[in-house]
Amino acid sequence: GNSWSPNGETTASISVSAPGTYTVSVTTPCGIITASHTVTLNPVPNIQSVTPTPISCFGANDGSLTIVSSDSNIEFSLDGITWQTGNTFNNLAAGTYTPRVRFVSGCSATLAPVTFTEPAAVTASASSTGTYCDGSLVFLHGTTTSSGTPTFSWTGPNSFTSTLQDPTHVAQTGTHTYQLIVSINGCQSAPVSTTVTIHAIPAALVSNTGPYCAGSPIVLNSST
């Protein structure tokens, strides 16, 4: 039979988890034969911290992840395929990443997955109500359904700009487009717009079908 030292097992094969020298004694018809083998466990990198910086805005793809280790001569990866010596990963899009750290020639450590979530897009809507004539005030209205404190940025015809939520503008005859962008905490909405038609003021004319004779009815006609 077999006898292992130092753990005392008697099977032909054993599994160990600690480094050291293991000796097996095998009883044979010719006597007891002994053999020894030394097991060495190489260390894995010591990880001190994993710090994610979230994605700032919808569509930004600017998340980052920094891994700090007390060891040297190590490499870092987020997919186990591409490795780098720098400990910070930038320009990360939404998704789940599994950080890995390895000695350049040695063992590696796989860390807990890190998930980046893309923030919701900032919403915006622009509108204008009413019928407008040349020289009258155009009333604009901006809204957002996103949480936070919004700022409004309007642009329009004749170099019109405004940071009011509901600005006014004196516009001239024609069809004009006003554009709005809403910003919250440094994140911008997609541009939205509203189109306004300014009508020309009609001219009133009065005419008659004369000449007329005394006593006959006089007919006056109006037109624009």
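Strand 2 (residues 20–28) and strand 3 run antiparallel and are joined by nine bridges. Strands here are DSSP runs (E, at least two residues), numbered from the N terminus, and two strands count as paired if DSSP finds at least two bridges between them. T21 lies opposite T38 of strand 3. The model is predicted: local features need pLDDT of at least 70, side-chain atom pairs count only at pLDDT 80 or more, and totals for chains, interfaces and linings use all residues. Residues are numbered from 1 along each chain as its sequence is written, and side-chain values use heavy atoms, with hydrogens and water left out.

An open sheet of three strands has the order 1-2-3, with antiparallel pairing. Strand 1 (2–5) and strand 3 (31–39) form the edges, each pairing on one side only.

The structure holds one disulfide (a pair of cysteine sulfur atoms within 2.5 Å). C57 is joined to C187, with an S to S distance of 1.9 Å. The torsion about the S-S bond is about -85°, so this disulfide is left-handed. C57 sits in the loop between strand 4 (47–53) and strand 5 (63–69), while C187 belongs to strand 20 (residues 187–188). The two cysteines are 130 residues apart and link distant parts of the chain.

Both C57 and C187 are buried. Buried means under 20% relative accessible area, exposed over 50%, and partly exposed in between (1.4 Å probe, protein chains only). C30 is exposed because its relative accessibility is 80%. C133 is partly exposed, at 34%.

T194 lies in strand 21 (residues 192–199). Its relative accessibility is 10%, so T194 is buried. Leaving aside residues up to four places away in sequence, T194 touches A126, S127, S128, L140, W154, H176, T177 and Y178 (contact: heavy atoms within 4.5 Å).

Technical notes
Helices (H or I, at least four residues) and strands (E, at least two) are DSSP runs, numbered from the N terminus.
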